[in-house]
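Take a look at the model first, and then we can walk through it topic by topic.

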Amino acid sequence: MADMRFTIAIAVMTLFWGLVGGVVPWFIRKGPDKGVIVTMLVLTAVCCYVFWLIAILAQLNPLFGPTLSNSTIFYLRYHWE
């Protein structure tokens, strides 16, 4: 189904944003703004990951492709075979 490059890209980006949103907040120093900073990190990680995931999956299965005339399709088919 998916080639190895796609699987590696999904795994690396999931790991990266998982670290940003799940591990980094544990290392924020205590202070009056700790809750705001942790919320900002988690929200940023979730939003960036979801945006990236939607973009990569949209490229995997596009809704529309290039519009070619019949003569162009026959020409390409002739030369590709």
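The sulfur of Cys48 lies 7.0 Å from the closest cysteine sulfur, which is in Cys47, and that is too far for a bond. A disulfide here is a pair of cysteine sulfur atoms within 2.5 Å, and by this rule the count comes to zero disulfides. Please keep in mind that this is a predicted model, in which local features need pLDDT of at least 70 and side-chain atom pairs count only at pLDDT 80 or more, while totals for chains, interfaces and linings use all residues. Residues are numbered from 1 along each chain as its sequence is written, and side-chain values use heavy atoms, with hydrogens and water left out.

**Cysteines**

- As background, a disulfide is a covalent bond between the sulfur atoms of two cysteines.
- Cys48 counts as partly exposed, at 32% relative accessibility; on this scale buried means under 20% relative accessible area, exposed means over 50%, and partly exposed is in between (1.4 Å probe, protein chains only).

- Helices are DSSP runs (H or I, at least four residues), numbered from the N terminus.
- Two packed helices are described by the angle between their axes and the distance between the axes.
- Helix H1 (residues 4-22) packs against helix H2 (residues 34-60) at an angle of about 165 degrees, and their axes are 8 Å apart.
- That makes H1 roughly antiparallel to H2, a label used for angles over 145 degrees, with under 35 counted as roughly parallel, 65 to 115 as roughly perpendicular and the rest as oblique.
- The axes are lines fitted to C-alpha atoms, for helices over the stretch in contact, and the angles run from 0 to 180 degrees between N-to-C directions.
- H1 passes H2 in a left-handed crossing, meaning that the near helix is turned anticlockwise from the far one by less than a right angle.

**Who meets whom**

- Contact means heavy atoms within 4.5 Å.
- On the H1 side, the residues that meet H2 include Phe6, Ile10, Met13 and Trp17.
- Their partners in H2 include Cys48, Trp52, Leu53 and Ile56.
- By class, the contact of H1 with H2 has 16 nonpolar, three polar and no charged residues; Ala, Val, Leu, Ile, Met, Phe, Trp, Tyr, Cys and Pro count as nonpolar, Asp, Glu, Lys and Arg as charged, and the others, Gly among them, as polar.

**Ile10 and Ile56**

- Ile10 sits in helix H1 and is partly exposed at 21% relative accessibility.
- Leaving aside neighbours within four places in sequence, Ile10 is in contact with Trp52, Leu53 and Ile56.
- Ile56 belongs to helix H2 and is partly exposed, with a relative accessible area of 22%.
- With neighbours within four places in sequence again set aside, Ile56 touches Phe6 and Ile10.
- The C-alpha atoms of Ile56 and Ile10 are separated by 8.9 Å, although the two residues are 46 apart along the chain.

- Pro32 is in the loop between H1 and H2 and is exposed at 83% relative accessibility.
- Ser71 is found in helix H3 (residues 70-80) and is exposed, with a relative accessible area of 52%.
- From C-alpha to C-alpha, Ser71 and Gln59 are 27 Å apart in space and twelve residues apart in sequence.

Methods. Helices (H or I, at least four residues) and strands (E, at least two) are DSSP runs, numbered from the N terminus.
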